[in-house]
Amino acid sequence: MPTGPGPSRRTLLLGAAGLATAVSATGLGGCSSAGGPTLSDGVLSNRFGVEAPRWRMAVPHSGRPRGLLVALHGFGGGADDAFDLGFADAVEPSRMALVSVDGGNSYWHPRRDGSDTSAMVRDELVPMALEASGLPASSPVALLGWSMGGFGALLIAGELGRSRVSGVVAASAALWQQDSQTPARAYDGRADFDRHSIFNRLDLLRGIPVRLDCCRSDPFIAANRELARRLPGAETHFTEGGHDDAFWSGNVPAEMAWAAAHS
């Protein structure tokens, strides 16, 4: 999945103007392969400043899911990335419903341009996905992301709070401990960094089960180690690998099983 600067694949995926309005999962009707999960996709509204954000879902073929996992992509990615990494293949074994969405490159928080992808996830994606998967509207959800999405998963988990989050998995989370370390694209200046830095919001994560996966040579390993130190209850898996698809896809079965165990 792309993790550096460059055009998001959502530009290519969302060319059809007819998809500019929100579509419900039930309206699409799902499809599934033999023995595989039921798949569906659609587009959310643009009220959070993201043009035609496409979503994708995979739901266990029969019976109510154990829970819902919200997967957040990295920089330059889109809704397809969770499926390309193999998360949908773990839906049936884990009995977890899966939803992903195009979040652009906004680092999953409100930006100066008026977009707010964290609110899009909290207030539109999650309610839609819970209803589509047959789960009660009050069901806690699990959040997962890699790189930029790992930061987003931690941020949104804190915003939703313990009563609405069963657990959060952050893989190679794009974390910086100081504003001076961040690239300009990640935050709109010092005040934005101070407001949304995970290290300034630790109290919001206390009581939420957290899993941190990161390779020991990752450029973000120091910040992930510091987060683990400051969240003593976090489960850590700091192993060999890279900041790349091979590392993220290799952790899919374990991460989905962890999310299911906490749902």
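Phe 87 is buried, with a relative accessible area of 1%, where buried means under 20% relative accessible area, exposed over 50% and partly exposed in between (1.4 Å probe, protein chains only). The model is predicted: local features need pLDDT of at least 70 and side-chain atom pairs count only at pLDDT 80 or more, whereas totals for chains, interfaces and linings use all residues. Residues are numbered from 1 along each chain as its sequence is written, and side-chain values use heavy atoms, with hydrogens and water left out.

The structure holds 7 aromatic pairs; rings of Phe, Tyr and Trp (its six-membered ring) pair if their centres lie within 6.5 Å, and planes under 30 degrees apart count as stacked, over 60 as edge-to-face and the rest as tilted. The centres of the Phe 87 and Trp 146 rings are 5.8 Å apart and their planes stand at 10°, so this pair is stacked. Phe 87 belongs to the loop between α3 (81-84) and α4 (91-94) and Trp 146 to strand β6, so that distant parts of the chain, 59 residues apart, are linked; helices (H or I, at least four residues) and strands (E, at least two) are DSSP runs, numbered from the N terminus. Trp 146 is likewise buried, with a relative accessible area of 1%.

In strand β6 (residues 141-146), 6 of 6 residues are buried. In a regular strand the side chains alternate between the two faces of the sheet. In β6, one side carries Val 141, Leu 143 and Gly 145, the other Ala 142, Leu 144 and Trp 146, and all are buried. Strand β4 (residues 67-72) runs parallel to β6 and is joined to it by 4 bridges; two strands pair if DSSP finds at least two bridges between them. Leu 69 has Ala 142 of β6 as its bridge partner. Strand β7 (residues 165-171) also runs parallel to β6, through 6 bridges, and Val 168 in β7 is the bridge partner of Leu 143. From β6 the chain passes through helix α6 (residues 148-160) to β7 in a right-handed β-α-β crossover, that is, with the strands pointing away from the viewer, the path from the first strand over the helix to the second runs clockwise.

Other rings form a cluster: ring pairs link Phe 75, Tyr 107, Phe 151, Trp 176, Tyr 187, Phe 193 and Phe 220. The charged end of Arg 185 sits over the ring of Phe 75, 4.4 Å from its centre; a charge sits over a ring if NZ of Lys or CZ of Arg is within 6 Å of the ring centre and within 35 degrees of the ring normal. Arg 56 lies over the face of Phe 83, at 3.9 Å from the ring centre.

Arg 56 also takes part in a network of salt bridges with Asp 41, Arg 54 and Asp 80; a salt bridge is a side-chain nitrogen of Lys or Arg within 4 Å of a carboxyl oxygen of Asp or Glu. The structure holds 17 salt bridges. One of them joins Asp 41 to Arg 54 (3.9 Å, N to O). This pair links distant parts of the chain, with Asp 41 in strand β2 (residues 38-43) and Arg 54 in strand β3 (residues 54-59), 13 residues apart. Asp 41 is partly exposed at 34%, while Arg 54 is buried at 14% relative accessibility.
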